[in-house]
Structure formats: C-alpha cells, structure tokens
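The sequence and structure are shown first.

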Amino acid sequence: MAESEDDAPDEFQDLFSSPDRDFLINNNGDQVKVDTLKHKKLGLYFSASWCPPCQRFTPALVEVYNELAPKGDFEVVFISADENDATFMEYFSQMPWLAIPFSDSEARNRLDELFEVEGIPNLVLLDETGEVVTDSGVDVIREYGVEGYPFTLAKIQELKDLEEEAKRNQSLKSLLLSPSRDFVISSHGNKIAVSELEGKMVGLYFSSSSYERCTEFTSRLVEFYDKLKADGESFEIVMIPLDEEEESFKKGLESMPWLSLPFEDKNCGKLIRYFEVLTLPRLVIIDENGKTLHSSVVEAVEEHGAIAYPFSPEKFAELSEIEKAKAASQTLESLLVSGDQDFVIRKDGTKVLVSELVGKNILLYFSGGWCAACHVFHPKLIEAYHEIKEKEEEFEVIFISSDHDQASFDESFAVMPWLAIPYGDPRKSYLSRKFRVYEVPMLVAIGPNGQTITKDARFLINYHGARTYPFTEERIKEVQEEEDEAAKGWPEKLDHEKHKHEISLTVRMIYYCDVCDDEGRKWSYCCEKCDFDMHPKCALMAD
C-alpha cells in the first residue's frame, strides 16, 4: 500500500478518512484522530453483529488485542457490515478498539472494495508502513493468538518450525504442560500432576458437552474406559474441553471418570492446531513413550469398544477382518431388528414389520427438521421417490430422525411419503454409528440382499435424480455414459442473446439455470467471468 514510512500518515489519512471526517471513534463515542495510527501495526476487522462466525471470533480477537495493548504499537479498526446504527453500536460496545463511524457508509464500502472483502469475519493485517502483511488474519489469530505477533510471514514460519520441532521431540509433558501449569484436573477439581501420567497410554479427548455427537460418544467412551480400568490396564484419558461456557464444562466433567485440562486453557487451542482437529469428537492416542500412536480412534471405540485396545497396527488389522466378516453377513434384519424392535412405522403410526421389507431396495434417510441442508434436499428425494415407485414397487425409504423432540419428529415425518423408525428408538444411535453419520442429510442405499450398496446416495439423487436407481456401480456407469453420449453433438462454445459473453460447455456438479431457473446437473453452458449458467436445453433451443 505505502511506498515509504514518510508517506504512511497521508496513506492512513486517505484510507480511513473522508472529506468531512479525519477521525475514528471508540465505543463510548469519543473521536480519535486518524493520524494517531501513524507507525502502528493495524488490523482491519470486517465484521457484523448478524454474522454467527463473527460473534464467535470477536472474543478471540479481543483477548489478543488486550494482551498487545500495553505495547502501544498495535491497533484494530472495525469496519462494520451491520444493517443499522443501533446494531452497530450494540456490537461495537464489545470491542476495545476503534471503528469507522457507521454513518460513513462510503468509507466502509471503499475499504470493502479496496481489500476485496468477499466474506466475514475478515481481518486484514497491515505493518507500520501500511503494507498488507496478510489478508488471512482470522486464521492467524485463531491458530496462533498473541504468539503470532507481529503476524508477519517470518513469524508464522518461525512458529510452524517450532511446531515441527516439537513433533519430533514430542512427549506427554510437551503436549500437556504450560509455563503456568504442570497439572490436569479430575472430575472433582483435584489437581493431578502430569508427571503421574508418564509411562501410561493416554487418550486426548477433544470434546464439547454442548455438541450432541460428543454427548453420544461420551457415553460409549465411559463404558470403554470403565472396562479398561476394571481390567487393570495402564490407560488414562485427558479431556481437551472446547466448551464455550464454564458451567456446561463443569457439569459435563462431573459425569466423566477421567481427567481434563482446565476450562479455556490456552493449550486447548494449541492442541487443536497441533493435531489438526477439524471435527468432534476426536480421541488421539498417545503411547507410553509420549508419541502419537493413532490420530483418532473414535470409530474403533464406537464399533468395537474395549476390543479395540491397545490400538496397535496388529489390533487394527484384526478389527478390519471382523468388520469385513460383519459386512459379508449383513442383512436388512441385522440392521433394523433389535430385540422387540422389529418394525418401522407409517405416518398414521401403524407398524410395518422389517420382515415385510426384506428383498426390497431400501434407502435409509438420516435427516432432521432443524437442518437447512435437509430442507433443500428433501423435495428432490420426494420427487425421486415417486418416480422410482411408479416403476418399481420393491423399493422403500426409511426416515431415521435427528430431531430433538417428538413434536419436531412428527412435523418432519408429516410431509414424508415413506416409512420411519419411531422417534427415540435406540436403533437410531446404532445405525448412526454403523454408517458413521457425522452430518445430515445422509442417504444410505441397501440392496435386496441387505448389503450396503453406497453411503453416497444423497449425492446421486442430487446429481442424477432417480436415474441411477438402484444406485449400483453398474447403473451409475451406464448413466454417466448416457450423459456423455448426449453431449457429444453439442457445440463447445456459443454466443447467445441471453448473455453478453461467449459461453462454454462445462461440467458442473449442480447449478441453477440463469434463464429458466430450473436446477441443472452435469452439463452447463457457463460464463466463469459472470458466474452465469445456462442449461443446454435453453442454450440449444431453436429460435
């Protein structure tokens, strides 16, 4: 941005001022001259109160800012995308830094354009001369916090090099200790020295008690832990808590038999980055020498319980053979029958025995009324369901609900033309573990022999509608060949009166035609400059 340090004041003046304003504001309304930013490192924080990711990130930035404030050489300027002054001021009241006045929308829009802000939260970091250090400040703050200061590429590389060195010299102490703490805590709040865990196999359990998936796994993990303790195994678990509220952390820990890092301990964030934790729950196994034995054993514990211990390569080879044998013997009844629960239900509550569905093609539909993606997918599945049913009676869909209560389940099921497992049925948890359902919607295809055909039937319905039924590899290949054959006679490029640029025949996953508004799949006449799509039927339609 700036060419020299002497130019910086003018550059900052132009950047943050307007013809009738040479000041910024703090959250009590006081004016602060723009030229006070001279020779400071800056963070330009593009954010808004209506944005949930912004609300989650702002406290982390506040913490870093407050730690750096005594240095006097770092400032943050808030550029709001709020919709009115009232929401701006309410949000800004949480921030200890400066802001462009909400009334100066021209300046805010100019900064958006200058720094090409396409999404929020966005944090652009500038050095003392006004040069952009990084436009990925949100990631830098999340990953490194105040340790990343002054946030230069050299500093970040230095931290990465230190992390690589730490991995080479990893020990239990290097993972769990901090300069101010040499202990973990028990469920009763007692301090346990990390040194007491050395020589044991330790599971690092990344979890949040507010996350349903973690809650479900925790109950399974308690069984696993208690069994190992009863067998006298030298094994311990240390929870890495990711709760946002201390009360929920304390309540969750009270019900757990293992140890934990303290709430909001800074090592939690470091360990998330160190082990590249992207999803929860996660259970990392550290061996008796403090080295990482396995990066995640959640699925092994869910599927096999204590049999999975001690997580050695030989043990996983044994488990793989067990899983292959289970898959080979799988039937619809082995999936859907559990004790007296040998039925599914219609919307009117009447029961349909699982035995009556044997020999049919079945789709297991994991979904929930709270899920926006489910609402988008649902009409497509209904359309495909009716299309398949018209040609094939030996077909059915079974709804497996992730709704939070009976009323929500009833509301979801009311608009479905197929069957369901009753709300609260324990088979739901088993099937979610069995098919590793980490998000919804998910659609699993089961063949007439009860074997799993694919867990990606949602993708197939989205992409091809009912055409790939019964979702076998052979049928998918046939459909792809049919689509490729149909496109052979189409021109590769077109000039069309509906668009100002030349459009090219392009493979697209799913899109909406900008001419007819219908959904398109596979082939589109596309202008990448304008993000414009035209369905071949529209592009090739005779005048």
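## Basis of the values

The model is predicted; local features require pLDDT of at least 70, side-chain atom pairs count only at pLDDT 80 or more, and totals for chains, interfaces and linings use all residues. Residues are numbered from 1 along each chain as its sequence is written, and side-chain values use heavy atoms, with hydrogens and water left out.

Helices (H or I, at least four residues) and strands (E, at least two) are DSSP runs numbered from the N terminus.

Strand 20 (residues 442-446) is largely enclosed by the rest of the structure, because five of its five residues are buried; buried means under 20% relative accessible area, exposed over 50%, and partly exposed in between (1.4 Å probe, protein chains only). In a regular strand the side chains alternate between the two faces of the sheet. Met 442, Val 444 and Ile 446 point one way from strand 20, whereas Leu 443 and Ala 445 point the other way.

Strands count as paired if DSSP finds at least two bridges between them. Strand 20 pairs antiparallel with strand 17 (residues 361-367) over five bridges, and with strand 21 (residues 452-454), also antiparallel, over two bridges. Ile 446 is the bridge partner of Ile 362 and also of Thr 452 in strand 21. The hairpin of strand 20 and strand 21 has five residues between the strands, and Gly 450 takes a positive phi near 85° there.

Four strands form an open sheet with antiparallel pairing, in the order 22-23-24-25. Strand 22 (493-494) and strand 25 (532-534) stand at the edges with a single partner strand each, so one side of each has no neighbour in the sheet. Two bridges join strand 22 to strand 23 (residues 503-512) in the antiparallel sense, and Lys 493 stands opposite Ser 504 in strand 23. Helix 18 (residues 473-487) packs on this sheet, touching strand 23 and strand 24 (519-527), and its direction makes about 35° with that of strand 24. Contact means heavy atoms within 4.5 Å, and the angle, on a scale from 0 to 180 degrees, is taken between N-to-C directions of axes fitted to C-alpha atoms, for helices over the stretch in contact.

## A loop residue and a surface patch

Val 146 is found in the loop between helix 5 (137-144) and helix 6 (153-168) and is partly exposed at 25% relative accessible area. Its contacts, not counting residues up to four places away in sequence, are Val 64, Glu 67 and Leu 68. The C-alpha atoms of Val 146 and Tyr 65 are separated by 8.1 Å, although the two residues are 81 residues apart along the chain.

## Salt bridges

A salt bridge is a side-chain nitrogen of Lys or Arg within 4 Å of a carboxyl oxygen of Asp or Glu; by this rule the count comes to 34. Lys 250 and Glu 246 form one (3.8 Å, N to O), and they are separated by about one helical turn because they are four residues apart in helix 9 (residues 246-254).

Arg 436 and Glu 323 also meet in a salt bridge (3.8 Å, N to O). Arg 436 lies in the loop between helix 16 (427-434) and strand 20 and Glu 323 in helix 12 (residues 313-328), so the pair ties together parts 113 residues apart in sequence. In the surface patch, Phe 459, Met 509 and Ile 510 together have about 270 Å² of accessible area (Shrake-Rupley, 1.4 Å probe); patch residues have over 30% relative accessible area and no salt bridge, with nonpolar side chains joined within 5 Å and like charges within 9 Å.
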